[in-house]
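Here's a quick tour of the model you have open.

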Amino acid sequence: MESEQKTTVWPWIVMAIAGLQTFVAAMTVPPDAVQQELSRILYVHVPAAWLAYAAFLFTMFASAMYLWRRDLKWDRRAMASAEVGVMFTGLVLALGMIWAKPTWGVWWTWDARVTLTAILFFVYLGYLALRRTTDSLDVRAKRSAIFGIFAVVQIPVIHFSVVWWRGLHQAPSLLKPESPEMDTAIVLTLLFAVANFTAIYIAMMFKRVELARLEDELLLAQQSHMGPVAGEGIAAPDLTGGS
Amino acid sequence: MPIAEQWNWVIFAYGVTYFTLVVYGASVAMRITRVRKKLDSES
């Protein structure tokens with residue numbers, strides 16, 4: 001069975017251009033008055049955090065669409081977004097640690113937002129593990145859709161954790177009711193980086209959904225070659241003596 | 001903290017970011033190639 005759809009190249013080009021644009025903008029913007037050059041970590045840390053949120057919100061949306069439409073393409077989109085989201089959540093944790101060491105003096109602290117983000121990472125690893133517990137595409141899609149809808153409840157808790165509990169992580173600077181307390185050049189560069197990382201996420205989604213479709217095709221092809229299993233493989237004995 | 005040391009942390013952070021993105025992208029590309037080959041052999 002040869003896959004009918006050809007692979008697409010444009011997502012790789014989008015990723016390369018968006019990655020390069022972010023790098024150039026982040027390295028040329030003037031440094032922050034307080035954190036100086038360390039503030040440049042902001043332009044990868046915040047976009048990665050935004051995409052951790054956005055990816056899991058899309059997983060919830062696609063999961064709900066699957067339960068409504070029962071179309072496996074929504075299940076593949078939900079899974080692709082969850083996997084890319086896990087990658088971005090791992091990245092935001094790593095970047096947070098790299099930023100924490102020179103500013104807080106420690107690699108890790110049990111701050112509410114940091115700890116809840118680590119829990120989010122492991123919960124979505126659990127989502128990906130759950131998908132490996134069955135070979136039935138429909139059972140897998142239904143189980144993971146329910147998981148994908150309920151797991152997203154963590155995101156508002158993580159976002160508001162810096163307001164609800166006192167910790168080392170700073171309160172929101174951009175996404176808050178009052179106007180941002182940031183210099184215009186820094187805000188614009190940050191928004192530019194967020195837009196570029198969102199383009200990287202969308203491009204990665206296209207490739208990951210393509211892979212998921214191929215994996216499903218392969219699974220169905222392998223299952224069609226299998227012989228009958230268990231009771232289906234045993235014929236009833238002929239007790240008529242051949243007459 | 002001296003400016004040169006601050007740049008070391010910045011380079012470290014960007015190195016980790018782009019390394020992660022490239023490795024993940026490469027893993028997806030390799031898995032696509034492998035699954036396509038398996039699908040061809042199934043035909």
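Two residues are taken to be in contact if their C-beta atoms, placed from the backbone, lie within 7 Å. Keep in mind that this is a predicted model.

**How α3 and α7 of chain A pack**

- In general, a pair of packed helices is described by the angle between the axes and the distance between them.
- Helix α3 (residues 72-104) of chain A packs against helix α7 (residues 184-225) of chain A at an angle of about 125 degrees, and their axes are 9 Å apart.
- That angle makes α3(A) oblique to α7(A), and α3(A) passes α7(A) in a right-handed crossing.
- From α3(A), the contact is made by A:L72, A:R76, A:R77, A:M79, A:A80, A:S81, A:E83 and A:V84.
- From α7(A), the partners are A:Y201, A:M204, A:M205, A:R208, A:V209, A:A212, A:R213 and A:D216.
- Sorted by type, the residues of this contact come out as nine nonpolar, one polar and six charged.

- Is A:V92 buried or exposed? It has 24 other C-beta atoms within 10 Å, and the cut-off for buried is 20 or more, so A:V92 is buried.
- Setting aside neighbours within four places in sequence, A:V92 is in contact with A:H45, A:A48, A:A49, A:A52 and A:T117.
- A:V92 and A:W50 are 42 residues apart along the chain, and their C-alpha atoms are separated by 9.3 Å.

**B:M30, over on chain B**

- You'll find B:M30 in helix α1 (residues 3-42) of chain B.
- B:M30 has 11 C-beta neighbours inside 10 Å; 12 or fewer counts as exposed, so B:M30 is exposed.
- Between the C-alpha atoms of B:M30 and B:E42, twelve residues apart along the chain, the separation is 19 Å.

Key. Residues numbered from 1 in each chain as written. Chains lettered and ligands numbered in written order. Predicted model: local features only at pLDDT ≥ 70, side-chain atom pairs only at ≥ 80, totals over all residues. Axes fitted to C-alpha atoms, helices over the stretch in contact; angles between N-to-C directions. Helix = DSSP H or I, 4+ residues; strand = E, 2+ residues; numbered from the N terminus. Parallel < 35°, antiparallel > 145°, perpendicular 65-115°, else oblique. Left-handed = near helix turned anticlockwise from the far one by under 90°. Nonpolar A, V, L, I, M, F, W, Y, C, P; charged D, E, K, R; others polar.
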